[in-house]
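Visitor: I would like to learn how to read a structure like this one. Please take me through it feature by feature.

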Amino acid sequence: MQVHRLADRLDELDDKRVAFLWDDLFRGDELFPVIEAELTERFGGVEVVGYEEFGNTHGGDEAEVISRLPDRLRTRRIDAVVSGMGC
Amino acid sequence: MRASIAAERAGIPSVSIVCEGFDKQARATGRGHGFDGLALAVLRGHVDARTHVDNVADLLAHTMDEIVAGLTHRAIDGSPGAGGPIEPTALDVVASGTIDEINRRFVEEGWSDGLPIIPPTRDRVEKLIGDSGHDPWKTLGTAKSSGRDLTVWSVAVNAVMAGCHPDQLPILLALTEILADPSYGAEHSGNTTGADALVIFSGPSAREFGLNSGQGALREGTHANTAVGRWLRLYLRNVYGFTADEHDKATFGNSARVVLAEDWDTLTEIGWEPVSADFGGSVGNDAVTMARMNSGLIIGSVVGSTPEEILPYLADGLVRVSGWDLTHVHGLGQGHYRPLLILAPVLARVFASSGWSKSDVGTALFEQARLPAWKFEKLIGEWSRLTPGNPRMADLALDGHIPTVFGTSDDPHRLIPLVTSPDHFVIAVAGDPNRTNAYVMSNDGPHGHWTSRPVDRTKADNLACRLPSPPSSGV
């Protein structure tokens with residue numbers, strides 16, 4: 001199996017564009033807003049792109065949503081991704 | 001994790017939020033895709049067993065810092081990990097000794113299902129592949145969970161362990177093709193609700209394969225049914241990595257399911273098509289069809305000599321076996337709920353003698369197997385939280401997410417169907433030919449979706465090489 005290098009981490013989240021990805025499960029609709037508020041408070045100029053932009057990452061359309069993800073993330077100039085909820 | 005892996009693959013740092021207890025599975029999934037050391041942010045406990053206030057408090061106290069650390073240089077240096085422990089290559093001798101010593105070793109290593117195995121010596125594995133003509137190193141796909149190759153050799157190794165015979169190899173290869181098919185969704189085989197795959201064999205050669213389709217169907221005791229079912233579980237353990245240490249998060253599992261063989265003689269007599277025909281198979285050819293199934297329910301002692309008298313029993317059973325799984329109608333799945341109804345031959349004949357086809361039975365069940373809209377909404381929304389927003393079925397129908405039959409009015413007590421189309425009931429014929437019993441099972445939607453493959457017993461011509469020249473990966 002090919003071993004891949006993880007993406008380079010960011011120095012800080014200030015002025016970065018963060019995408020939320022959600023599998024439509026386990027109260028993500030309750031917790032992602034809290035995460036957004038906290039990121040905004042901690043880091044100046046951080047911008048969140050909501051999970052609605054990317055589709056449900058689990059379930060019937062999963063394969064299609066995941067396959068489109070790299071392009072969608074690049075198109076929206078996303079710097080970092082927060083994905084949930086694995087429960 | 002697969003979403004995070006896609007982001008990392010695109011060069012974008014990611015962090016995955018998981019509940020406590022999911023970190024092992026999450027890391028194993030990352031390793032299986034070649035991304036060792038994916039960043040995780042862990043929520044304490046399980047979100048559904050805590051109040052919103054408690055969830056937010058823990059998120060702010062612990063998980064937020066892990067989210068930030070996971071995306072920044074503070075936690076991860078970005079270098080590729082070791083990819084997990086080094087695995088033996090295909091021809092390595094991993095154990096030697098007496099039969100007892102070998103079995104003890106296999107149990108200790110987690111390579112067996114807990115029952116004694118036949119040691120997969122090179123000689124036995126080669127004999128199992130025998131003169132089938134298959135190249136032992138031919139790859140049928142990749143296990144999405146572990147990243148291991150699905151080789152003819154690994155199929156045969158686990159077949160020897162399960163006690164399979166060489167003539168069963170075509171069945172096992174067909175099942176491996178199903179596992180490799182993205183539409184089946186084998187990577188979900190370790191989800192928490194613990195569904196297990198059911199294999200249905202359809203075709204004229206059931207008897208030749210030694211498969212039981214009659215009395216005691218679904219019970220171990222007939223070699224072919226039992227050994228093939230055991231092979232599947234071993235293959236999911238040893239090649240896909242569905243063990244508690246890696247990818248299996250089943251809260252409650254099911255025992256390895258023995259193969260259900262359809263009663264070919266009865267199907268032929270009454271002119272009904274086999275299950276495989278529902279999924280693209282050719283009638284008259286041998287095929288295996290597989291799906292992961294959740295709950296099962298016996299419908300005992302059905303009384304009736306006409307379809308109209310029998311149908312209420314069957315409809316009631318289908319309703320009773322369907323609970324949270326209805327989220328595969330809308331939510332987790334989208335039109336993926338396709339429960340199974342197994343009719344004993346005597347019941348199938350009641351329908352057939354009245355001129356009913358399987359399609360007619362499905363149409364009647366679509367009308368009769370219904371439950372109140374309010375309960376459907378509770379099951380997929382509030383009572384499982386598996387469909388966000390507690391949607392109303394009438395609204396979903398209005399918005400075109402589900403067929404209009406689900407939204408004929410706003411009356412919460414109106415009865416709505418279990419499935420999105422009458423042909424979504426999967427109907428098989430098997431079991432004791434003279435008892436009026438039936439069995440129903442709910443399925444796990446896209447987490448092991450109904451998929452069929454022909455069983456091809458013709459000698460393969462892909463033998464490109466002979467031993468020894470294995471690739472460098474996996475058992």
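Guide: Start with burial: a residue is buried when its relative accessible area is under 20%, exposed when over 50%, and partly exposed in between (1.4 Å probe, protein chains only). Helices (H or I, at least four residues) and strands (E, at least two) are DSSP runs, numbered from the N terminus. In strand 3 of chain A, 6 of the 7 residues are buried, so that strand is largely enclosed by the rest of the structure. This is a predicted model, in which local features need pLDDT of at least 70, side-chain atom pairs count only at pLDDT 80 or more, and totals for chains, interfaces and linings use all residues. Residues are numbered from 1 along each chain as its sequence is written, chains are lettered from A and ligands numbered from 1 in the order in which they are written, and side-chain values use heavy atoms, with hydrogens and water left out.

Visitor: Which strands does strand 3 of chain A pair with, and how do I read that?

Guide: Two strands pair if DSSP finds at least two bridges between them. Strand 3 of chain A is joined to strand 1 of chain A by 5 bridges, in the parallel sense. One of the residue pairs is A:Trp22 with A:Gly84 in strand 3 of chain A. Strand 3 of chain A also runs parallel to strand 1 of chain B, with 4 bridges between them. There, A:Ser83 has B:Ser16 as its bridge partner.

Visitor: What is the order of the strands in the sheet?

Guide: The sheet is open and has 5 strands in the order 2(A)-1(A)-3(A)-1(B)-2(B), with parallel pairing. Its edges are strand 2 (47-49) of chain A and strand 2 of chain B, each of which pairs on one side only. From one strand to the next, the twist averages 25°. Between strand 1 (residues 17-22) and strand 2 of chain A there are 3 bridges, again parallel.

Visitor: How many residues of helix 1 of chain B are buried, and what covers them?

Guide: In helix 1 of chain B, 6 of the 8 residues are buried, so the helix is largely enclosed by the rest of the structure. They are B:Ala3, B:Ser4, B:Ile5, B:Ala6, B:Ala7 and B:Glu8. Their cover includes strand 1, helix 2 (62-75) and strand 3 of chain A, with strand 1 and helix 2 of chain B. After helix 1 of chain B comes B:Gly11, which has a positive phi, near 85°.

Visitor: What do the buried residues of helix 2 of chain B pack against?

Guide: Helix 2 (residues 23-32) of chain B has several buried residues, including B:Gln25, B:Ala26 and B:Thr29. The buried residues of helix 2 of chain B pack against helix 1 (2-9), strand 1 (14-19) and strand 2 (40-43) of chain B. Just after helix 2 of chain B, B:Gly34 has a positive phi of about 85°.

Visitor: Where is the disulfide?

Guide: A disulfide is a covalent bond between the sulfur atoms of two cysteines. Here it is counted as a pair of cysteine sulfur atoms within 2.5 Å. The structure holds 1 over all chains. A:Cys87 and B:Cys19 form it, with sulfur atoms 2.1 Å apart. A:Cys87 lies in the segment after strand 3 of chain A and B:Cys19 in strand 1 of chain B, so the pair joins two chains. The torsion about the S-S bond is about 70°, so the disulfide is right-handed. Both A:Cys87 and B:Cys19 are buried.

How values were computed
Contact = heavy atoms within 4.5 Å. Axes fitted to C-alpha atoms, helices over the stretch in contact; angles between N-to-C directions.
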